[in-house]
Amino acid sequence: MRMMNIALPKGRLGDKAYAVLARAGYACPAIGEDSRQLTFVSPDRSVRYFLVKPADVAIYVERGAADVGIAGKDILLEYAPDVYELLDLGMGRCRMCVAGPKGFADDHARTLRVATKFPHIAARHYSARSREIELIHLNGSIELAPIVGLSDVIVDIVETGATLRENGLDVLEEIVPISARLIANKTAFKFKREEIRTLAERTQRSLAGKPA
């Protein structure tokens, strides 16, 4: 069997995804050791894991450094990497939403100012509604933008909505539900089709609580 290269996102999502993959028969004990390693190879050399920033997983897969990876749907929608989306893992569920001050009313007579970390998603959303907007690309503390008058609304990921409520903001519109996806490199899928299909099938069984 040829070695499978898997890109995992660092953090809680990666931990959950690895647990599912381990139950599916792709365990790598070294990944649980306390170390600063970024790559881990299973004892039988059937699988190698990379730990990368969540936003970078799709790049590693698209470029062929990894055969498969776990990436959020938000990343896939924002950057549109040329990869195959194989499976919805149902992990890290949240929503991409438009949010703004409580009672906000959109004045269509002027350009809407939208602050976001996801300019492509926001642009497509408002373009579909023929709404003229000014995009303000921020990297953090998106909720602050409408509070201090930098923007009218924000487009961001919402999990529980607690941060919005604490800052006097409400969800105004849901754009799309978000969850983690199993993705594959297109060339790897051609040459490791059997291995990748088997991994996807075993992962799906693991998610369902069935033996691999």
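Helix H1 (12-23), strand E4 (68-72), helix H3 (73-79) and strand E9 (153-158) each give at least two residues to the lining of the largest pocket. Helices (H or I, at least four residues) and strands (E, at least two) are DSSP runs, numbered from the N terminus. This is a predicted model, where local features need pLDDT of at least 70, side-chain atom pairs count only at pLDDT 80 or more, and totals for chains, interfaces and linings use all residues. Residues are numbered from 1 along each chain as its sequence is written, and side-chain values use heavy atoms, leaving out hydrogens and water.

A pocket, on a 1 Å grid over the protein atoms alone, is an open set of points where a 1.4 Å probe fits, with protein on both sides within 12 Å along at least five of seven lines; lining residues have an atom within 4 Å of a point. The largest one has a volume (the space filled by probe spheres set on the points, which are joined across faces, edges and corners) of about 790 Å³. Of its 29 lining residues, Leu13, Pro54, Asp74, Cys94 and Ile157 sit closest to the centre.

Now for the sheet. Two strands pair if DSSP finds at least two bridges between them. Strand E1 (residues 4-9) and E4 pair in the parallel sense over 2 bridges, and Ala7 stands opposite Gly69 in E4.
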